[in-house]
Amino acid sequence: MASEGISTGIVHSDRRFGVEHGGVHKPIHTSTQYGFDRVEDLIGVFQGTLKGGYNYARQGTPTTAALESQITRLEQGVGTVCFGTGMAAISAVFLTLLRAGDHLVASRFVFGNTNSIFGTLRALGITITTVDATDAAAVAAAVQPNTRMVFVETIANPGTQVADMPAIGQLCAERGLLFVVDNTITSPALFRPRNVGAGLVVQSLTKTIAGHGQALGGAVTDTGLYDWQAYPNIFDAYRKGDTKQWGLSQVRKKGLRDMGGNLSSEHAHQISLGAETLALRVAHCSATALTLARYLQAHEAVVAVHYPMLESHPQHALARSLFSAGSWLLSFELKDTAACLQFIDRLRLPIKATGLGDTRTLIIPVAPTIFWEAGAEVRASMGIADGLIRLSVGLEDSADLLTDFEQALG
Ligand SMILES: *Cc1c(COP(=O)(O)O)cnc(C)c1O
């Protein structure tokens, strides 16, 4: 199973649960309630003794379960819980697995809303140290006796910094810390956090996995590497059965059943459809992004290009060793910061919009939009220049994008 190719795994994963009426594709299950012939089975679902049973859609449906099995196979994990958005998945990990008095070490280079939720966690009595995660020594230096978790992104949005995940994974294994990796930008098509010792993988399914910009979703996958018996914050109710499932049981029960962060069947279905072409899209968009990055780097109007597969990127060697390609995310700065907005307006193909991983190329000036609320100090600490422009490369033909950039820069 682990040896099959990525696309083979994706397109056949939902049939392993059994096929309904011979349907080649999984249907959308719209029921909120699930009924049983025997009341014992209803009881069995509540008590966890009837495997694969459903009771109320807030905790999952056969359609979300099919997507979960797809993600589990992609990440080579032991289970996945899907959520209504990537942020619901990330906040569920923090809120269901951390408690007041705990300490979290997090990369300083994280998605803006993840950075914002750190403020919420601090208000709840969880202390957080943010560090430059491209340097594993900085992570090691931040660890305290009450540290429970280390959180990083693979390729950080928007600066494209690459966390030193092999060294951080080793550190976490030595110290018994839960290593959580946000794999949104890379996706399992380019990188499996399990290979660097991550215990949990979180991702926004909205971006690379769905890839069409028409459904929100998130996922938490357990890689099976972390020993939950050593984790003090598992409630007694979930310290039962297979120890590998303890963490995810708590994330599902607290994050879905109690907090209600569930993904709808309709959106799970749309995400599954997108996921089938994951490997093809990621290869195409990464190739286009590299072409554009090289073009921009050579252009005299451009002062900096941030893309891990450029030789000039500070973590280029690490990125080459970890990722099979550089993803669709790149950012750059013009020499003339004041000209940046007019340049964006001159582009005809990229759509001026927030969001990432769409079929269409999206462009946004970072400081006055997605990192506006964070303020100048946070932007400076994350290396976000006032003129930084983020590009999410879509499925357009790269020659057309190049022509458009040429006319806009010219
Ligand atoms: C977009 C994004 C998220 C949040 O995902 P949503 O589905 O938009 O909630 C989390 N992490 C990263 C790296 C992202 O780019």
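Biologist: Of the 15 residues around the ligand, which come nearest?

Modeller: This is a predicted model, in which local features need pLDDT of at least 70 and side-chain atom pairs count only at pLDDT 80 or more, whereas totals for chains, interfaces and linings use all residues. Residues are numbered from 1 along each chain as its sequence is written, and side-chain values use heavy atoms, with hydrogens and water left out. A residue is counted as near if one of its heavy atoms lies within 4 Å of the molecule, and of the 15 residues around the ligand, those that come nearest are Gly86, Asp182, Ser204, Thr206 and Lys207.

Biologist: How far is a polar side-chain atom of lysine 207 from an oxygen atom of the ligand?

Modeller: A polar contact is a pair of N or O atoms within 3.5 Å. An oxygen atom of the ligand lies 2.9 Å from a polar backbone atom of methionine 87, and an oxygen atom of the ligand is 2.7 Å from an N or O atom in the side chain of threonine 206. For the polar side-chain atom of lysine 207, the distance to an oxygen atom of the ligand is 2.8 Å.

Biologist: Which element gives the largest share of the shell around the ligand?

Modeller: Helices are DSSP runs of H or I with at least four residues, numbered from the N terminus. The elements that give two or more residues to the shell around the ligand are α4 (86-97) and α9 (205-209). The largest share of that shell, 3 residues, comes from α4.

Key:
Polar contact = N/O pair within 3.5 Å; in protein donor to acceptor, adjacent residues only side chain to side chain.
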